[in-house]
Amino acid sequence: MRNIKNLKADNPDLWDPEVSTASREKIRALQLKNLRQTLKHCYENNVFYKNRIDEAGFDPDKVSDLSDIEKLPFTTKEDLRVNYPFGLFCTPLNQVIRVHSSSGTTGNPTVVGYTKEDLEIWAQVLARIMYDVGVRKEDIVQVSHGFGLFTGGFGFQYAAEKIGAMVIPVSGGNTERQLKIMNDFKSTVLCCTPSYTLFMAEVADRIGIDFSRLELKLGFLGAEPWSEPMRNEIEKRLCIKALNSYGLSEVIGPGVSCECLVQDGLHLNEDHFLAEIIDPDTGKNLPPGEKGEIVFTTLTKKAFPVIRYRTKDISYLYKNECSCGKTFMKMSRPMGRTDDMLIIRGVNVFPSQIEEVLMNIKDLEPHYLIVLSKENYLDKIEVWVEVSENIFQEKLMDLEFFEKSIENRLYSAIGIHINVSLKEPKTIARSEGKAQRVWDRRQEKN
Ligand code: DLL
């Protein structure tokens, strides 16, 4: 791996500097060209998109500006479900060489497909992300995301191979073996969910593996929301630089955006994905800097392009002079999903806000669960969080007093009273993939 501290604006060693450092005008011109092609492709090859475009009175041959897209209706997860499994594919099935799927919690899963060229694009966009922060053929990349219908494992596998790195497709789970492999094979890069890294840290402590003695330097962590204090914890415990990597199956998988080493926002791969931010309630577009739901249109995919796909993820877009040299717009760390938002006594709360408060409190472990229940027909919210081993064993502190002080911290940050229940270390379920942070017991019968 290149010295990761070396990444700076005058460093020309980017995957494809011509695109990654292009002027805004050039990027927008490229986006416009690809948008035209994508809209035409969808119109000509898929009856769902044809009907939608006709209903909107839109002529795909007359796209003169990127903002024209605002005249088109959104595509939603429900559209994907209704057209399950292949109804939104835009190429004949015999050109599709791979499918992935995301399960969700209700109804049909969503199925996405890739042609050979789509898979090449996917590998390219993610290889670019990895290369631009220093991953090279000398690296040993441990892919601890699940392999299967989930896009995490295969996405990083093909991207790292594209760079020529050695890839260990270990997948999730069997944590002791993960750590042994990391130690013995001298992995330098780790790809998994942030919550899984903390589980790894815990198992490493137990079996006597010291991260500071490993070769591991860099983590591409994503697939679930995580907070800045969580990053600090991970970087400290694993002795790595932890980068936030974002993506979703419907758009391509991992590779939509990722932080560079500056760790200030996630650079979007704008030549392949056009991002908009909308007000989730009104559907109106919001300007850069304003927080809302992120919506994507793919610009180069063939088997499963999406037009104005509503992700339900909350973020904002912005542009700054990034010292890594890339000129792509950035999106903020996704703060949560509109469908994860809890409305407690009229106040909107995202689990990530709760996490942020908890992670800043000394003597709490980064393992928590938000439990929702009903009391006298009213929603009740409680947070279970583990205390650190020393506090629990030595009973150095009055735990009840500690609970109250956490409740006060939550109240001043979020504005509602949340009951806190401190738990013994290692009693809250650990995750090897996407962590389940909310346990909704509101429908349970007493
Ligand atoms: O999670 C793709 C992925 C794999 C991304 C590996 C990064 C690393 P899905 O299973 O379709 O795809 O889930 C997509 O996960 O809409 C977000 O709600 C959430 N998500 C993904 N990355 C992040 C992130 C993969 N960095 C859904 N921060 C998305 C917050 C994330 N949420």
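In the predicted model, Pro85 is located in the loop that connects α4 (77-82) with β1 (98-102). The peptide bond leading from Tyr84 into Pro85 is cis, and its omega angle is near -5 degrees. Most peptide bonds are trans, and most residues other than glycine have a negative phi.

Positive phi values occur at Asn174 and Lys426, neither of which is a glycine. Asn174, with a phi of about 50 degrees, lies in the loop between β4 (166-168) and α7 (175-185). Lys426 has a phi near 65 degrees and belongs to the loop between β20 (419-423) and β21 (438-440). Lys426 also counts as partly exposed, because its relative accessibility is 48%.

With regard to the chain as a whole, 12 helices and 21 strands are present. The C-alpha trace spans about 70 × 55 × 40 Å along its principal axes. The radius of gyration is 22 Å, which agrees with the value near 22 Å for a compact globule of 446 residues. Of these 446 residues, 56% count as buried. Among contacts with a separation of 6 or more, 66% are formed by residues 24 or more positions apart.

The accessible surface of the chain amounts to about 19,800 Å², and carbon and sulfur atoms contribute 50% of this area. The chain carries 58 positive and 64 negative side chains. The centres of these two sets are 2 Å apart.

Technical notes. Residues are numbered from 1 along each chain as its sequence is written. This is a predicted model: local features need pLDDT of at least 70, side-chain atom pairs count only at pLDDT 80 or more; totals for chains, interfaces and linings use all residues. Side-chain values use heavy atoms; hydrogens and water are left out. Helices (H or I, at least four residues) and strands (E, at least two) are DSSP runs, numbered from the N terminus. The radius of gyration is taken over C-alpha atoms; the globule rule is 2.2 Å times the number of residues to the power 0.38. Buried means under 20% relative accessible area, exposed over 50%, partly exposed in between (1.4 Å probe, protein chains only). Contact means heavy atoms within 4.5 Å. Accessible areas come from the Shrake-Rupley method with a 1.4 Å probe; for residues, only the protein chains shown count as cover. Lys and Arg count as positive and Asp and Glu as negative; His and the chain ends are not counted. The place of a charge is taken as NZ of Lys, CZ of Arg, CG of Asp or CD of Glu.
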